[in-house]
Amino acid sequence: MNSAAVEETVSVSGATPPRDHSCEYVLEVVNVSKSFPGVLALDDVQLKIRPGTVHALMGENGAGKSTLMKVIAGIYQPDSGEVKLRGETITLETPLKAQQSGIAMIHQELLLMNQMTVAENIWIRREPKNAFGFIDHSEMHKMTEDLFDRLNIHLDPDAEISTLSVANRQMVEIAKAVSFNSDVLIMDEPTSAITETEVAHLFEIIRGLRKQGIGIVYITHKMSELFEIADEFSVFRDGKYIGTHASANVTRDEIIHMMVGRNVDQMFPKEEVELGEVLLSVKNLTLEGVFNDVSFDVRAGEILGFAGLVGSGRSNVAEAIFGVTPADSGTVWIEGEEVHIKNPNDAIMKGMAFLTEDRKETGCFLSLDIQENIQSAVLHENFVNGGGFVDQAKLNIESEELCRKLRVKTPDMEEAIENLSGGNQQKVLIGRWLLTHPRILILDEPTRGIDVGAKAEIHTLVTQLAHKGVAVIMISSELPEVLGMSDRVLVMHEGRVTGILDRSEADQVSVMKLAAQ
C-alpha cells in the first residue's frame, strides 16, 4: 500500500478549519452525565484525546462507551458537563453540527442508505453542482475515485450499497468519515465484520490519519487491536470513568480487571464431555454457486467449530441447514432420521436453534421490547399449562432468569431492544434461542460485539449446554475462540470443506493452511 497516499489530506468544500496543533488535547469531555428512563448511562465522565494519537475506549457492554460517543457526535445532548474541541467549549445540537465542527463518527451499526450509490452516500448534502444548480454526477464520481485512491479502496463509486458485502460497506463508511477532513474521528467497532486483510488495510489508513494530526477514538473489545494500534486507552465501567493509561504500560489481565472489576480466570472454559449419539448429520449438501458437497456429523455434547475466511461459505451452510436458504441437493439427518427443512419453523420444530451473525438485519425486532424479542421463537407447547393455554407467567419467569444469567443490562423487560447496546442486544438473542431448549444449537459469531467479561460467560454457557447433551456448531471469525472451544474444527475455503481437525491437532497454522488453500 502507498502510505504517502493515505497520509494525503482529503479536503472538500466546507471542510473544517485548519487544525490547531497548539492545543494539548484536540477533544475534551468534562464531567458529562446522561440519563435515560431508568438508566444512568454516563455518570460525571471525562475523556481527553491528544491530536495525532489513537485513543482506545474499553469497557463491558453497557459501560457507556457508545453513549458517550453519541454525545460527542451530536446524536445525544448531555444532561450536564461540557465538550471542548481544540480548547473551546462547543454545543453540538445535531450530528451535522458535529461534522461541521470537525467530528466524524463511524457507527457500529452501519448507517448507509441501501438504495443509493456509493458516491451518493459519501457526498450526501455535499454534492457538487453544475452551472445549472443540478448535481454533477460526473464530478461526484471523480471525487469518490480520488478519495478511494488516497485510501487504497477498490470499489465502484456507482455501485448500489445494497449490492456490497458488509466489509465493503464498512469501507464506504470509513471513506465517508475521512472525507470530512475532521480533527476527531470516532470508530465504533470498525473491524467487527471485516477480514484480517481488510483490518491490516484499515490500520494503515489509521496510521496515516494519525500522522496528519487527527485524534482517533477507537472503540473495540479486541485486546490485540488495543496493543497494535492504540497509543492510549480509557476504561469505562457501569457508566463511570475508571482511568486512562498508555497502552505500552499495562498487561492484558490488568485491562480486563479494570473493565469488569473482577478477575476473568478462564476465557475458554472448555471441558471434556462424553459425547453421545450423532444428533445432526449433513451429507453432500450443495447450494449452487455458494457451497458444494458439504458433509459432517455433530454428536450430542460436541462443539464443532466452523473456521474459514469471510466468504468461505460457513454462514451459508448454517442458513441452509436451518431452512433460511434451502440447499439445492444433499440431505440432513436429525437423530438418524432424514428431515426436509423448508423454512426456519420446520427447523425449530425439529429442535434446532440458529443465532444469525447480523443481529440488526436478521436478529432483533428493533421496535419490540426485550420480553417480546426473547420470547419470539418459543413454541407455545413448551409452555402450555394443564388447561391448554400458554403459561405466560412461567414464560416470563424463564425469560427474566435468562436475562439475569446473561447479565443483560436493562432497567426492565419492557425496555425497547433498540435502546440497548449492541452487546446486550446479542445477549437477548442468545437468550431467545436458549428459551426454546434446543437439541441442536448453531451459533454464528456468538461473541461479535461482546465485551471480554461477557465472552467468558457465554463460553461457559456453551460448555454447560454441551454437558447437557446439546450438539453445538460454533461459527467464528476469531480463531482463538474456535480453537479454544471446539472438540473438532471444520475448515472451509471457497464453499468447500477442506478439512476437519480434532482438537488435539488443530492449531492456528494447520487451520489457516486449510482456510487459505
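**Aromatic pairs and an open sheet**

F322, F354 and W433 form one aromatic cluster, in a predicted model where local features need pLDDT of at least 70, side-chain atom pairs count only at pLDDT 80 or more, and totals for chains, interfaces and linings use all residues. Residues are numbered from 1 along each chain as its sequence is written, and side-chain values use heavy atoms, with hydrogens and water left out.

Rings of Phe, Tyr and Trp (for Trp, its six-membered ring) are taken as a pair if their centres lie within 6.5 Å, and the pair is called stacked when the planes are under 30 degrees apart, edge-to-face when they are over 60, and tilted for the rest. By this rule the count comes to 6 aromatic pairs. One of them joins F36 and Y76, whose ring centres are 5.1 Å apart and whose planes stand at 65°, so the pair is edge-to-face. Because F36 belongs to strand β1 (residues 27–36) while Y76 sits in the loop between α2 (65–72) and β4 (80–85), this pair ties together parts that are 40 residues apart in sequence. The names of these elements follow DSSP runs, numbered from the N terminus, with helices (H or I) of at least four residues and strands (E) of at least two.

Relative accessible area, computed with a 1.4 Å probe on protein chains only, sorts residues into buried (under 20%), exposed (over 50%) and partly exposed in between. F36 counts as partly exposed at 30%, and Y76 counts as partly exposed at 24%. The rings of F236 and Y241, with centres 5.9 Å apart and planes at 70°, are likewise edge-to-face; here F236 is buried at 0%, whereas Y241 is partly exposed at 25%.

Charges also meet rings, where a charge sits over a ring if NZ of Lys or CZ of Arg is within 6 Å of the ring centre and within 35 degrees of the ring normal. R126 lies over the face of F180, at 3.7 Å from the ring centre, and K283 lies over the face of W333, at 4.8 Å from the ring centre.

Turning to the strands, two of them pair if DSSP finds at least two bridges between them. An open sheet of 4 strands, paired antiparallel, has the order β12-β11-β14-β15, and its edge strands, β12 (291–299) and β15 (337–339), each pair on one side only. Strand β14 (residues 329–334) is joined to β15 by 3 bridges, the two running antiparallel, and V332 stands opposite V339 in β15.
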